[in-house]
Amino acid sequence: MGQITLEKVTKKFGDVEVIPPLDLTIEDGEFTVFVGPSGCGKSTLLRLIAGLEDVTSGKMMIDGQDATDVAPAKRGLAMVFQSYALYPHMTVRKNIAFPLRMARIDQAEQKRRIDQAAAALNLTDYLDRRPGQLSGGQRQRVAIGRAIVREPSAFLFDEPLSNLDAALRVGMRLEISEMHKRLATTMVYVTHDQVEAMTMADKIVVLRAGYIEQVGSPLELYHTPRNLFVAGFIGSPKMNIFSGPEAQKHSAETVGIRPEHIDVSRTEGTWTGRVGVAEHLGSDTFIHVHDTGLTDMMTVRISGDIEVSHGDIIHLNPRQDQFHRFDAQGLRIA
Amino acid sequence: MATQHSRSAARLMMAPAVILLLGWMLVPLTMTLFFSFKKYLPLRGGDLGWVGFDNYIRFVTSSAFWPSVLATLIIVGGVLLITVCFGVLLAILLDQPMWGQGIVRILVIAPFFVMPTVTALVWKNMFMDPVNGLLAHLWKAFGLTPVEWLSQASLVSIVIIVSWQWLPFATLILLTAIQSLDSEQMEAAEMDGAPPLARFGFITLPHLSRAITIVVLIQTIFLLSIFAEIFVTTQGSFGTRTLTYLIYQRVLESQNVGLGSAGGIYAVILANIIALFLMRIVGKNLD
């Protein structure tokens, strides 16, 4: 069990309101990702759930029980920190054993759980080392191990992959996803990386300045962003957004079209522009097109390789059914 | 960089400092060694020739020798214990956010800036005086007979005075160490269900071990040679005669330079034994 409900939760640091009244339900077994630009309050929200910060007002329930004033250790949640927060003077085994030792669980059971976690996380050979002797990825796994052995009702991750290099990040992303499938425990995951959010989440919560902009599954957010902020934030490369007469043609104040929904032609098209930088990734080509008269730069994503070079004039054909339309307030027009 | 030319230039430029340091150390040390093998009584005939190891034998067989070593060790040990324990507690207290933090921290450091002689005089006359001292008044307020600190509890008094003086040093070093503790580690321990005392024992104290080692090492070096506090308060009576003070008495009060020099060599040996001992115990914390 691990259902977490926030009711009208707010948080103020002095006079600064970091989290305005916020309602959110995280269902049992769900992988929820909080995503947003830095400073949007996503980490604060996670710390409120963990109990490391007190809520200023509002109510928090875990499994239907009021947990607003419950001490962090009593909430049955385990947290993995951005800096891993391993205890440097203890061996890996003692690090993982620490929560069990604090809970006064007997030695045999401690050993069983540690061995199980170590085996699952490929840490068996490293149990007698200190954190300082481990690589970044191994430290990350120790931090996860320390969380797993507690058998918590929910895991909280605070940007756990941001200190890893790109290749390791992809690997750990998969490991965490697999762990979620295996354990089927609630996970709350904070990140600013929308690729992590899209690939791992069952449910994404997009935050801006403490406000929830949209809650939904990754594909919901991709296909039907509720407003301009979500439209610009979700998707890589970013959606092309422009207003003006071209937008009026679609009877909207602002329209957006994703780079992958534009086709390129040498001969004819709706819009015309000059190629700036073309990024050839092999599988895809990202073309940055200038002088279209719509916006400073349009990004186009072509599957596969295409021969274009700097300065070429090309024509763009947007797929008419893929336009996102927004009104003057930036809200989606259905 | 390391060409033949630059190496000799470097040696040339280091030479003044090296020569000065060597002179500073070696000249007094050789003179002490030199005098320790002589019978040298400045007011009673001056240099009376070589006597071999007589001074060394006389110094250790004197009834004052072992008590003085013991007094030295008690003072050093007592001060270390008090400064480290209270230093850790004070450092934790000062690390808490509070109003007027800057001023409080400066006030806490203040005793370290007071000269040892002044410290001892202030304690002797303002606190520990059995008639007018603040402590005497405190005792009287509770209807008790004031303690004659410097005669009845002389070693304790010296330990208190020196601790007061060295506590700021310990606090300052331990405070900077505590401030370098990663707050996420404490939060992780909190989430792991560690109550405050366990967090202190499992996280804070191990984190401080290196700083404590440094405090112990540095303080030991300075505490072995405390002199002014004893000179100003008890003049070495009531069991407060440390090795340093005994040497002073032999050289200046008995006017026996040879005997005092032999004591000086013993003090050097004692300091080295203690240093070696400490390095062995705590050295592994420093790597």
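A residue counts as buried if 20 or more other C-beta atoms, placed from the backbone, lie within 10 Å of its own; with 12 or fewer it is exposed, and in between it is partly exposed. Keep that in mind as we walk through this predicted model, in which local features need pLDDT of at least 70, side-chain atom pairs count only at pLDDT 80 or more, and totals for chains, interfaces and linings use all residues. Residues are numbered from 1 along each chain as its sequence is written, while chains are lettered from A and ligands numbered from 1 in the order in which they are written.

Let's start with strand β3 of chain A, residues 31–35. Strands here are DSSP runs of E with at least two residues, helices are runs of H or I with at least four, and both are numbered from the N terminus. Five of the five residues of β3(A) are buried. F31(A), V33(A) and V35(A) cover one side, and T32(A) and F34(A) lie on the other.

What does β3(A) pair with? Two strands pair if DSSP finds at least two bridges between them. β3(A) runs parallel to β8(A), residues 186–191, over five bridges, and there F31(A) has M187(A) as its bridge partner. β3(A) also pairs in the parallel sense with β9(A), residues 203–208, over four bridges, where F34(A) stands opposite V205(A).Now to the meeting of the two chains, where residues are in contact if their C-beta atoms, placed from the backbone, lie within 7 Å. Chain A brings 15 residues and chain B 13 residues. On the chain A side, β6 (77–80) and α2 (92–102) are the elements that give two or more residues, and α2(A) gives the most, with three.
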